[in-house]
Amino acid sequence: MGMIVYGTRFFTKLEGYYGAKEECQYCHKVYKKAYVKCTEWAHLSYLPIFPIKRTYLKMCPICAYGVELKNKEGKAEIEDSNDTNDQKFETYVKHILIKKPKGIMATDRSYEFWIKDLITGEEICVASDLSKDDVKNMKKDRGLKNVQIIDV
Ligand SMILES: [Zn+2]
């Protein structure tokens with residue numbers, strides 16, 4: 001008989017950018033906040049069975065500094081706001097091959113997380129010296145699915 005594993009898992013999805021443009025108190029960039037839907041699911045042997053908790057993460061689209069909102073609050077803020085579509089980003093990861101360690105036991109921390117503002121053309125390096133797992137966590141925090149990795 002196989003072992004039955006019970007637990008919870010988080011799923012995140014970027015819903016969009018809403019509200020007024022505000023300066024981030026952490027990175028000082030002025031943007032509308034990103035709203036990331038966050039659902040915690042109970043699972044049995046990794047098959048989701050039912051959602052336990054739904055929240056929204058309202059965060060700076062650049063550094064991801066933000067707050068957690070109740071599902072209702074998040075939904076209301078999104079509905080009250082016109083998404084005028086004037087904020088667009090491209091997110092990508094640079095793999096700096098020259099910084100890749102030689103030894104097979106060494107952790108490869110040669111990834112950089114970048115965001116390009118598609119309106120102004122500004123490219124921002126959000127974080128560097130990242131491992132593959134760091135990149136995975138950053139993607140998850142921001143509710144992003146596909147982020148291109150570019151070897152440089
Ligand atoms: Zn910020």
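Biologist: Which residue of β8 stands opposite Val93?

Modeller: Strands of a sheet pair through backbone hydrogen bonds, either parallel or antiparallel. Here Val93 stands opposite Ile149 in β8. Please note that this is a predicted model, in which local features need pLDDT of at least 70 and side-chain atom pairs count only at pLDDT 80 or more, while totals for chains, interfaces and linings use all residues. Residues are numbered from 1 along each chain as its sequence is written.

Biologist: How many bridges join β5 to β8, and in which sense do these strands run?

Modeller: Two strands pair if DSSP finds at least two bridges between them. Strand β5 is joined to β8 (residues 148–151) by four bridges, and the two run parallel. His95 faces Asp151 of β8 as another opposite pair. With β6 (residues 111–117), β5 (residues 89–95) pairs in the antiparallel sense over seven bridges; there Phe89 stands opposite Asp117.

Biologist: In what order do the strands of this sheet lie?

Modeller: The order is β7-β6-β5-β8, an open sheet of four strands with mixed pairing. Because β7 (123–130) and β8 stand at the edges with a single partner strand each, one side of each is left without a neighbour in the sheet. Neighbouring strands are turned by 25° against each other on average, direction ignored. Helix α2 (residues 132–141) packs on this sheet, touching β5, β6 and β7, and its direction makes about 35° with that of β6. For such angles, axes are lines fitted to C-alpha atoms, for helices over the stretch in contact, and angles run from 0 to 180 degrees between N-to-C directions.

Biologist: How many helices and strands does the protein chain contain?

Modeller: Helices (H or I, at least four residues) and strands (E, at least two) are DSSP runs, numbered from the N terminus. The protein chain has two helices and eight strands, arranged along the sequence as β-β-β-β-α-β-β-β-α-β.

Biologist: What is the order of the strands in the sheet that holds β1?

Modeller: That open sheet has four strands in the order β1-β2-β3-β4, with antiparallel pairing. One side of β1 and one side of β4 (66–70) lack a neighbour in the sheet, because each stands at an edge with a single partner strand. The twist averages 30° from one strand to the next. Between β2 and β3 (residues 47–59), which run antiparallel, there are eleven bridges, and Leu44 stands opposite Leu47 in β3. Helix α1 (residues 71–79) lies across β1, β2, β3 and β4, at about 105° to β4.

Biologist: Which strands each supply at least two residues of the side of domain 1 that touches domain 2?

Modeller: Two residues are in contact if their C-beta atoms, placed from the backbone, lie within 7 Å. The contact takes ten residues from domain 1 and nine from domain 2. On the side of domain 1 that touches domain 2, β1 (6–23) and β2 (30–44) each supply at least two residues.
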